[in-house]
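Subject: Structure handover

Hello,

Here is the structure for you to look through.

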Amino acid sequence: MGLKNPAEQAVILLRSRLCNPNFIFTLFSDSPDSNYSKLKYIISSSVTESCNNSVLLLGPRGCGKLAVLELVLEDLLREFPDMISVIKLNGLLHSDDNCALKEIARQLCLEHQLAFSKMASSDENSQFLIAMLRECGLAHKTVLFVLDEFDLFAQGKQRLLYSLLDAMQSVTSQAVVIGVSCRLDADQLLEKRVRSRFSHRKLLFLPPSREDLQRLLEHALLLPSGSDLPHEFVANFNSKLLNIFADKKFKDIMDTVFNTDSTFKQVLTFLFSALCHLDLKRGFLSVENFKDALSNIQRQPKLECLKDCSILELYILVCMKRLEVREHETCNFNSIMKEYKSIHDSFQTTDYYARDVCRRAFEHLLRRELISFLDNRGHGHSIEFRPVKLLISWQELYQGLKSYGSCPAILYKLVERETTT
Amino acid sequence: MAETPKKRSKQTPKHQQHDLSSSNAITIPATPVALEPTPVRRSSRLYTTPTAATAPPPPPPRFTRRKSLNFTTTTPTPIPKTPKKPAPQSQEDAAKQISPISPDRYETRRKRKLDEEKNAGLAKNKDLKGGKKRVYYRKVVYDGGEFSIGDDVYVKRRENAESDNEDPEVEECVMCFKAGRAVMIECDECLGGFHLKCLKPPLKEVPEGDWICRFCEATKLGKNVELPVPPAGKKRARTAKEKFLSSDLWAAHIESMWKEVDGTYWFRSRWYIIPEETAAGRQPHNLRRELYRTNEFADVEMESIIRHCYVMNPKDFSKAADEGDDVFLCEYEYDVCWHSFKRIAEISNNEEDAEEDESDKDWNSCEITDSDSEDDTDYKKEKINGSQRGPSFGHSLAANLRKGQFFGLQKIGAKKIPEHTRCHKQTEIGKAKAMLLLACLPKSPPCRNKEMEEITAFIKGAVSDGQCLGKCLYIHGVPGTGKTMTVLAVMRTLKIEVDSGNIKPYCFVEINGLKLASPENIYRVIYEALTGHRVSWKKALHLLNERFSNGTNWEEENNKPCILLIDELDLLVTRNQSVLYNILDWPTKPHSKLIVIGIANTMDLPEKLLPRISSRMGIQRLCFGPYNYQQLQEIISSRLKGIDAFEKPAIEFASRKVAAVSGDARRALEICRRAAELADYRLRKSQSLNDSAGRSLVGVADVEAAVKEMFQAPHIQVMKSCSKLSKIFLAAMVHELYKTGMGETSFEKLAMTVSCLCTSNGEAFPGFDTLFRVGCKLGECRIILCEAGVRHKLQKLQLNFPSDDVTFALKDSKDLPWLAKYL
């Protein structure tokens, strides 16, 4: 096992780094203005001063809300062993109050090695929760409730949130509720009486700035000198990488990535993908790797769909387009067939297929979601009569036809004519 | 009040006793004494080391201490002093299963078992002989002292140590070895007493704060200290406290007292334990006078009581300045089988205690029957099975299934008391933070005097009426205006009046509508609160109907008026509103004696209900208006009284800000707490950077930051920092909005606009799919509202915030200066 290509080892190391949010986010944890230190301050003050808090972590997806939280929790668990129990709930799974209470009871039991019964009613579970909060508070133990997808808990009567927050108003309990949500208006979703009990600590997670990104790149990709990799390889790898970082082409690539989506997640996926393109024989990253990764990451699904269509399907799309331009509000399979026939008649094309074949092509288009039914009504009707709509714009269609290898000239011409008129 | 038992003539007065016991010790110095200094199990308490082989037949049952003493003088044999309740052993078994047990402990267990069997035998004999029963007392005068239930006492630990009986009530000075009447000061480190005049230099008066004697100071510095040697011939007498702290005595809490059939007096003790004897040992933050209350009980004869001591909670302890030498502090309870600590709750739950006692009694009885079987192993098994404290057995003991109580909660406890809880050096800001917690409720809510009076008058009128026909009060007000707190405060004051006998007793049931799983469950909860039985809600409804409507009271004693407080009343509204109707209908029945207080947020709840309900509910109403800024200011400053942490304008600013928005007191307190946190954070930061401490007060700037965090939606910041394409997307949305004047647009149109913007400003158009993804991301954050992604081109889009916000956020973005043209 020992005799491994250093490049291979390096790739493994870098990949494990990119997949480990703890590694990535430790970079930003030391400054006092970072969310990490703020969150840690809030939670640790709850632990040490036994004050109850409720915190919301807000921000777009992929900005490291949960990753930072995990980092904080890990640190605190190390700092205060046996004093913190973490209960994790996810709004997608536990938005139902009864189910959430049961899950809380289950995790509490697991945490304290108590026997858990699935049969307990939600009343019993909620009383158990209150009793446990009290006991834990008396024993100076803090219970952390992490509610992922917090907005989904704010549906209905919000019984769970109310009882959690209300329990936190008693002297003996010691708990922190941490809501994680990508909806910026998550706290507005709370009912008034719940909102009044919520203590409204808010931490906003933002996408990294340019400077942070540069730091992140170096932090993630430069090989450490003190590892068991050969020393000269590390030096070589790093110097090549620094050259790439300085390269104009590389900067352009990073700009494109960053312009569309500047979150941590996106950047990390991009780097991972670039790493996967690394040529093990050469052993070093190159600009080409990043270029490949860019094309990998910026997919154009609808255009690719068009590429896979048959000629007949293209015909159908063009027919629909023509109908749309002529402001036929609704078109269905029959009207499309009429149009198809009229095109065939007026231009004498060679591609004329039977109605059944067309119908199959039509269904295929529906499945590829290039076209869709206008509404969900009329499931009973046969496909021919339900109104359909085109889901791609003419530019996309035009571009698709252009890049389609063996597109009949007539189709191309038809679309072009439509756009000019 | 029980009869005061006279001391039997046999008993010698105190000084004689002393002589006698000391002579005992002198004549037979080899008496084996169970005196292992530190981690002695309670179980071995008061036993002399038994040797099973040479043990004589069990002594006759129940001898007094005097007798036993005599007995030991003649034959140094083990004699069980007190019949031990066997529960500790089962605890020990449980403990053994969870933690490795030291061999010496096992030893004690074995000998204990022997004794126990004897005791069991004795008990049985006694049962056969005497048909009389024990007589329980609340207060007993015994041996010149008066003891009542709930007192704390010193208990003898050693069988015949002579020093136990000498009991100097007054402590001697460390320096001059005289007691005297002069004022003495106590060292906080070694607890030694010093005359003020004996100190060098002498002190005039007792200084404030902690004081440490010079010996301890010197020891701390690592010097060798020679304590003053007592003058020849005088032996230093140790006080009971000193003996107790060096584990030569026990301290116990009297749980109950009774007279046995044979006339001896016994009490049930709950032991205290000193930090050295816990599994964690003395922890650095333990105070010298700190004890732990254990969950271990024993029946002890009253003979072994020495005298009173006083164990207090921290609050009383800090107040007790000079109440004597026997004052101790007890803040935690120590679980002897799990070796864990737990704070003692402020309001001790009487029910729980009662329950525990009951289970203990069961224990005793089952023990007696079991003890007949000779087989040891069987015996043990029985015990473990009977024990609830053992590790869980299958499904029946699931922790979250409530059968009277939750099982296994005693497992929860800290293995060690964390140090930070004992940090006495709290900063002013820290104190302020603690006071501003929502959890720390003031005794009576400030600024609600008028409402309190009204509620008091209502309840008093209803209760003293005897009839209380149709009494129903509806309280409404926005959240955070102190509705529930005020009612509860009123109930507390009334409770005191009931206790003093001014008004008739009543029962009080508190229900929160939002904590019920379904509205119908309220019947069950009411019924359980009134009677303690758990039935289904249908049955409960039936029974309650019977009680309130027909006036058939099943028990005469339950015939007191019942006050029902229903919080969040609006949650009880069902489709046919039958729950509310039932509850509000009962008070109108002649014999119901039911008073309903409903609390809800909406002012017009009665109007929204069916007329037959609103006619029953809407008569008497009380409105809790939102607090204005002066009131909020008063609420905050009343909590911060005596704490210098806030600048005055800061409080005013916070209260004005909240009063302008909602008048929610919770919000105002939270803002102040957050401001204190921010200030604390800022101070720490500046301290870690350089040692110059900044402003140590919470200023307006901190409050402003807190207000900003609480009230400001974060969307502007997100818009400012989002990716370039998202910014173009948003700008195009605004542009589209201005162009068409319609709030709603479709993705197709928007994409056109974006491509126009891009081409005319030299940006590369990213393609529809990428743009679409950007739009969906913005939709996820709810910066824009959009339909599901399957609609693609047809997807409808709308800004979720005013377009001015977007303009404001994007106007001076550095990477896209041209955006301003389109905003």
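This is a predicted model: local features need pLDDT of at least 70, side-chain atom pairs count only at pLDDT 80 or more; totals for chains, interfaces and linings use all residues.

Residues are numbered from 1 along each chain as its sequence is written, chains are lettered from A and ligands numbered from 1 in the order in which they are written, and side-chain values use heavy atoms, with hydrogens and water left out.

Domains of chain A

The domain assignment (automatic or from a database) gives domain 1 as 6-15 + 224-297, domain 2 as 31-204 and domain 3 as 303-417. The centres of domain 1 and domain 3 of chain A, taken over C-alpha atoms, are separated by 43 Å. An unreviewed UniProt entry lists residues 55-201 of chain A as "domain: ATPase AAA-type core"; such annotations may be inferred rather than shown by experiment. That stretch is 48% helix and 18% strand (DSSP runs, H or I of at least four residues for helices and E of at least two for strands, numbered from the N terminus).

A sheet in chain B

Strands S18, S20 and S19 of chain B form an open antiparallel sheet in the order S18-S20-S19 (two strands pair if DSSP finds at least two bridges between them). S18 (744-746) and S19 (784-786) of chain B are at the edges with a single partner strand each, so one side of each has no neighbour in the sheet. S19(B) is joined to S20 (residues 796-799) of chain B by three bridges, and Cys786(B) has Leu797(B) in S20(B) as its bridge partner.

Salt bridges

Over all chains there are 53 salt bridges (a side-chain nitrogen of Lys or Arg within 4 Å of a carboxyl oxygen of Asp or Glu). Which residue of chain A does Lys685(B) pair with? The partner is Asp33(A), with the closest N and O atoms 3.3 Å apart. This pair crosses between chains, from helix H20 (residues 665-689) of chain B to the loop between helix H2 (21-26) and helix H3 (35-49) of chain A. Lys685(B) is partly exposed at 25% relative accessibility, and Asp33(A) is exposed at 53% (buried is under 20% relative accessible area, exposed over 50%, partly exposed in between, with a 1.4 Å probe and protein chains only).

Within chain A, Asp212(A) and Arg215(A) form a salt bridge of 3.7 Å, N to O. They are three residues apart in helix H11 (residues 210-221) of chain A, about one helical turn.

Regards
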